Amino acid sequence: MILILLGPPGAGKGTQTAALVKNYQLTPISTGDIFRANLAANTPLGLEAKNYMSQGLLAPDDLVVRLVADRLSQPNPTKGYLLDGFPRTVFQAEALEKMLAEKNQKVGVCLLLDIPDNELMVRLTGRRVCRSCGSVWHLTFSPPPADLKCQCGGEIYQRDDDGEAAASNRLKVYQAQTQPVATWYQDRGLLRAVSASGTPEAVEKSISEALAGAF
Ligand code: AP5
């Protein structure tokens, strides 16, 4: 099963990934996490992505498509993949369709996390993340430890692209370049939408209802 998790920056894709991976035995592929890990390790890929990410712009399609194709070509012992943050353009959706067709596979569901814009800036600017293990907190909704030290020992920090300017740019980029991806999957009968406005637990419940019968 290939499950796509689609939604604007801050909708809660990363937050819902852990439960989805566990409940449906999927291997997660988060293009944003892959870029951040490469950035932290100063690899050529990380350095190439850095300028785009810090401005809230998308990395070039061909770069992202190569990266995902590489991940999908590796052995996978689980029941499928959860794609978080990919595809983000219609070009990427078409490329994914082609690479899956070569393996006789196809997307099962594109799950859209739907949430009003005014909630997104609050979620993005208040987010704090562990530099080491990637755990996520929110200053208001799930406050991090006061000393900003994660349980794993890592430093808790604010992502460069969660400042006001970059976050607001990311929302504009989402509307212009990623919203058409939802329509693309809707036209193919693969889109299921849930409200991402409630508590994380309420969103998880809505997701499991929306996915009933899909696995
Ligand atoms: P990426 O890392 O994918 O960022 P994003 O899509 O902008 O998503 P976020 O990680 O910001 O948000 P999220 O939905 O995961 O929210 P979260 O669960 O953390 O991409 C970063 C960059 O990489 C891109 O801008 C681009 O440059 C590049 N990139 C990546 N993929 C690419 C691609 N395919 N093509 C081109 N470029 C690409 O939650 C947010 C906050 O809200 C947290 O603090 C959390 O605690 C809180 N929260 C979550 N759910 C709830 C809830 N229900 N109630 C209250 N608070 C909540």
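The shell around the ligand has 16 nonpolar, twelve polar and eight charged residues. What you see is a predicted model, and everything I say today refers to that model.

Let me stay with the ligand. There are 36 residues around the ligand, and those that come nearest are Thr15, Leu57, Arg88, Arg127 and Arg170. Several elements contribute. At least two residues of the shell come from each of helix H1, residues 13-24, helix H2, residues 31-40, helix H6, residues 117-126, strand S6, residues 136-138, and helix H8, residues 200-210. The largest share belongs to H2, which supplies four residues.

Arg88 uses its side chain: one of its polar side-chain atoms is 2.6 Å from an oxygen atom of the ligand. Leu57 uses its backbone, with a polar backbone atom 2.6 Å from a ligand oxygen. Gly85 also takes part through the backbone, where an N or O atom lies 2.8 Å from a nitrogen atom of the ligand. How much of the ligand's accessible area does the protein cover? On its own the ligand has 1000 Å² of accessible area, and the protein covers 95% of that.

Pro87 sits in the loop between S3, residues 81-84, and helix H5, residues 90-101. The peptide bond joining Phe86 and Pro87 is cis, with omega about 0°. Asn104, in the loop between H5 and strand S4, residues 107-114, has a positive phi of about 60°, although Asn104 is not a glycine.

S2 has the largest share, four residues. By class, the pocket lining divides into six nonpolar, four polar and two charged residues. What about cavities? The count comes to one cavity of 30 Å³ or more. The largest cavity has about 40 Å³ of space. Lining this cavity are Ala19, Leu20, Asn23 and Tyr24, along with Glu204, Ile207 and Ser208. H1 and H8 each give two or more residues to the lining, and H1 gives the most, with four. The lining residues of the cavity are four nonpolar, two polar and one charged.

Last, a sheet. S6, S5 and S7 form an open sheet of three strands in the order S6-S5-S7, with antiparallel pairing. Strand S5, residues 127-130, runs antiparallel to S7, and two bridges join them.

Key
Residues are numbered from 1 along each chain as its sequence is written. This is a predicted model: local features need pLDDT of at least 70, side-chain atom pairs count only at pLDDT 80 or more; totals for chains, interfaces and linings use all residues. Side-chain values use heavy atoms; hydrogens and water are left out. A residue is near a molecule or strand if one of its heavy atoms lies within 4 Å of it. A polar contact is a pair of N or O atoms within 3.5 Å; within protein, one must be able to donate a hydrogen and the other to accept it, and residues adjacent in sequence count only if both atoms are side-chain atoms. Accessible areas come from the Shrake-Rupley method with a 1.4 Å probe; for residues, only the protein chains shown count as cover. Ala, Val, Leu, Ile, Met, Phe, Trp, Tyr, Cys and Pro count as nonpolar, Asp, Glu, Lys and Arg as charged, and the others, Gly among them, as polar. On a 1 Å grid over the protein atoms alone, a cavity is a set of points where a 1.4 Å probe fits but cannot get out, and a pocket is an open set with protein on both sides within 12 Å along at least five of seven lines; lining residues have an atom within 4 Å of a point. Grid points are joined across faces, edges and corners, and a volume is the space filled by probe spheres set on the points. Two strands pair if DSSP finds at least two bridges between them.
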